[in-house]
Structures are given as C-alpha cells and as structure tokens.
Amino acid sequence: MAERKPVIITAEQLAEQRRYIEEIRSLPQRPRSYFVVTYGCQMNAHDSETIAGMLQEMGMAEAPDREHADFVIFNTCCVRDNAERRALGNVTWLKEVRKQNPNLIIAVCGCMIQQPGMAEKILKQYKFIDLAFGTTNLYKLPELLCRKLNEDRAVVVVEDKDTIAENLPMKRLRKDFAYITIMYGCDNFCSYCIVPYVRGRERSREMDAILAEARQLKESGVKEIMLLGQNVNSYGKGLEGDVTFAGLLRKLEEIGIPRIRFMTSHPKDLSDELIEVMRTSKCILPQFHLPVQAGNDDILQQMNRHYSREKYLNRVRALREAVPGIGLTTDIIVGFPGETEEQFQDTMSLVKEVGYDSAFTFIYSPRTGTKAAAMLDQIPDDVATDRIQRLIALQDQCQKEAMSRFVGMEEEVLVEGLSRRSKTAVSGKGRHGVSITLPGSEKDIGEIVRVRVTEIKNNTLMAERIEERK
Ligand code: SF4
C-alpha cells in the first residue's frame, strides 16, 4: 500500500476551533449538559476524555446519565460485530428519550463511523442522528456542533486523512492515572482486523510533545501513565532520526513518574532493546500485553501476523528471563476461517505453555472489507462457541496457577477505589497489572500502598498492608 503522510493539525486550525467554541457559548439555544457513552478499547476511552474536555469548554456540564443530557455522544467501536450492533441499538433507543427532551442532540463518532458506506447509511437509515464524524475529525467537534446548531440539519462528516492534533482540551477521568497516546493507526493489516481501515495509517507523535505532556502530568500529581497505541513497539516510524519506543521509554523514565505501562504491542516488533529497558527500569512496570491470537503457524500466517509460534515463545522466554515474574496477558481469536480442531489444540497447548495472568478471548468476527471476511471455510457458530468455552475453562485453570505465584509476595498497589465487596476494603492494580484488594478507606484512593499478598479469593488477590505491621 502507498505511503501516506500524516496531516498535522496546525495552531491556526486549532485557533479556528476555539472560535467555534466561543460561538457555541454565545448561542442562547445551546446544549447545557452532555453525556459520553464509550465503547471499545483504551484508545476510545482516551478519545472520550478529549470529547468531554471540548464539551466542557463549550460550557456544558456532565449529566448524571444519558436520559438527563442535552447532548449525548456515542464514541463507537467496530472491531467486533456485536460492539457495533450494541452501539446502534443504544443510539436508536435514545429516540424515545427525545420525546421527553425535544432539544436532545444525538451524536455518533469513532471507528464505526469511519467504515466505508457508514456516512450514507446514517443519512438514510438513522435520520434521527444529528451529528456524526469519524476518528480523524475529532478535533473538529466544535465546528461540526456549531454547524448543527446554526443550520438545524444533520451534519455527517467522514474524511480519509491521518491526522495528529496536539493540545486539545481534555477532562481526565482520574487524577492519579493518565493515558498518553503516543501513536495512532496501524500498518499491519492483520487479515481479520478493521483497525487500519478505520484508524488510518500508522503515525507517531513527536517525542517532545509526549515528554511535555508527561511532565505536565507529573506536576499535576499523576502517579501512573499508560502509553497507548495500536502497536506501541513500532513507535517512531516516520519521525526524523533514530527514534524508537525503547528510546522514548528511557526519556520518560527521567521525568520521574513512578509507574509507566503501555499497550498494545505486536510480537514481531518486540525488540531486544525494549526488553533491556524493561530489565533495567524501575518505573516501567513488570507487565506485558502480548497478543498471540493463535498458537498454530498456518493460522498465524493466514492472519498475516508475521511471526511463528516458536518466535512468539522465544519472545516470552526473553521477557521472563529479563523480568522474572513479569505479568503476561494476551488476546486470542478462535474460529478463524479454516481453523481445524487440531489447529485449535495448538492454541490450547500454547496457552498452557505460557500460563498467562489473563487472556481476552474472542470468537472470530468477520469485518466487511478485511481479507479474512472473504475467506472460504468460515467456522460454524456452534463449533466456534464450543472452542471458546473450552479455551476459557483452560485459561481459568492456568490463571489460578499463575496467580498463585503472588501469594506471600510484596506488591505496590495504586488504589483506584473502594472494593465492591466490602466497605472496609479498597482495590487497585499491583505493579504486575493484577487487581489486588486490601484493607483501606476512601483516603487511600490515588495512593500507592505497599502490601503483602495473603490469599486468592474468587480470582482476586487479597493482601495486607505492610506499613501497618511495622
Ligand atoms: S496489529 Fe493487527 S490486530 Fe492490531 S490493530 Fe493492527 S491490524 Fe489490527
């Protein structure tokens, strides 16, 4: 596929959007409250923080739920068919809410809108949607909403550009933890995946912009950052000079944020340099999400993954040698076109061999426009369902075994909130990425607490506080 240059949104273009924000604030009939509904991955969750930031600048306050908002926006995902159907079902349900609030504005954005033909479909079949825009138009939300308010007709805009917009407003969900997007899009074209078509070609943010954002977060008291990208390992492609993901991590480490995580990584781009940075770093947490997708070489080749089972296992071994006890997680697809029982058994044996802390398991979902959707030999639903059930049962068992290594171990937990099961307990993530529950109260939220893991209860690690015993 031909190279495409990213389109950097200029300061003038952003200033223009600020003028639209001011115009909206001056309109007597503007929406006063908003609600953002987010589907999909962390990238989408982070985009929703930007959407919320822009809406607040337009003078809107967050509503407690979608029934009480003047402006409801669905930030959609289309990676799986059921996510798309769920989003469209919920958008349609909002038509009823409009009967109570005739001024309600319904907006839809995200990956789903970026699919070929979706803009036309919305204009024809979903006429009650007021505003729709794709992933690359996010920075234009003020302009598009202003048009909707002034013209009182549906505004649907989808552009086929690979944009990077810096310095957009943002309402972060947490004070102690923050996402930083380091790159957008993907060039890998795995045969089942729609991401390269809806998120555009791979493009990296300038390192200086990322470092400036991290410094600002450190000053505001953030204790953990998660670096985001469809394939963070290939960060730097297209930037000037010898810029690598490992190099970015080294620079980020100097800033002094105590905890750094990242996702997602492609096994083919997991370099020795990155493993070395993880081995020597105190801030980069001992956790790695390494999607394997399948354990059989022929299926991996059909998936266009560019690694073999053995190469993947080599990377796992290298990570474990460098960072003993590292928390490994993965994504797995079952029922890929043509997958035989024998090939599925290769996935099962790989899961046993690696012993992941957790695995996101999916039944293959054909996505129009991808290579795999056109493959003959699609697997019947009942076969795929039976396979995923067996895989989940196996992973449950492997997870229990993997979790047992934590019992008796010291950990540090960044407390996220009160435990759902007890009023005198809190929970959060340990350094290895596993959820841990410990005694505590509201005042611990946002703090890093040292603990010792005592037992595993209902798949959760339970711990005692170390300081209290001194
Ligand atoms: S690496 Fe493959 S699965 Fe991941 S986003 Fe890119 S194309 Fe999709």
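Me: Which residue in β20 is the bridge partner of Val 413?
Reply: Keep in mind that this is a predicted model. Strand β17 covers residues 410-418 and β20 covers residues 448-457, and the two run antiparallel with five bridges joining them. Across that pairing, the partner of Val 413 is Val 449.

Me: And what stands opposite Val 415 in β18?
Reply: β17 also pairs with β18 (residues 425-429), in the antiparallel sense and over four bridges. The two strands make a hairpin, with six residues between them. Opposite Val 415 you'll find Gly 428.

Me: Which strands stand at the edges of the open sheet?
Reply: This sheet has six strands in the order β3-β2-β4-β5-β6-β7, and the pairing is parallel. Two of them have a single partner strand each, so one side of each is left without a neighbour in the sheet. Those edge strands are β3 (61-62) and β7 (155-157).

Me: What is the bridge partner of Ser 33 in β3, and what angle does helix α3 make with β4?
Reply: β2 (residues 33-38) runs parallel to β3, joined by two bridges, and Ser 33 has Ala 61 as its partner there. Helix α3 (residues 81-100) packs on the sheet, where it touches β4 (71-76) and β5 (105-110). Its direction and that of β4 make an angle of about 170°.

Me: Why does Glu 49 have no salt bridge, and how far away is the nearest side chain of opposite charge?
Reply: Glu 49 sits in helix α2 (residues 42-57) and is buried.

Me: Which side chain does Glu 49 join in a polar contact of 2.9 Å?
Reply: Leaving out residues up to four places away in sequence, Glu 49 touches Met 170, Lys 171, Arg 172, Leu 173 and Tyr 179. The polar contact of 2.9 Å, though, is between side chains, and the partner is His 46.

Notes. Residues numbered from 1 in each chain as written. Predicted model: local features only at pLDDT ≥ 70, side-chain atom pairs only at ≥ 80, totals over all residues. Heavy atoms only, no water. Buried < 20%, exposed > 50% of the residue type's maximum accessible area, 1.4 Å probe, protein only. Lys, Arg positive; Asp, Glu negative; His and termini not counted. Salt bridge = Lys/Arg side-chain N within 4 Å of Asp/Glu carboxyl O. Polar contact = N/O pair within 3.5 Å; in protein donor to acceptor, adjacent residues only side chain to side chain. Contact = heavy atoms within 4.5 Å. Pairing = 2+ DSSP bridges. Axes fitted to C-alpha atoms, helices over the stretch in contact; angles between N-to-C directions.
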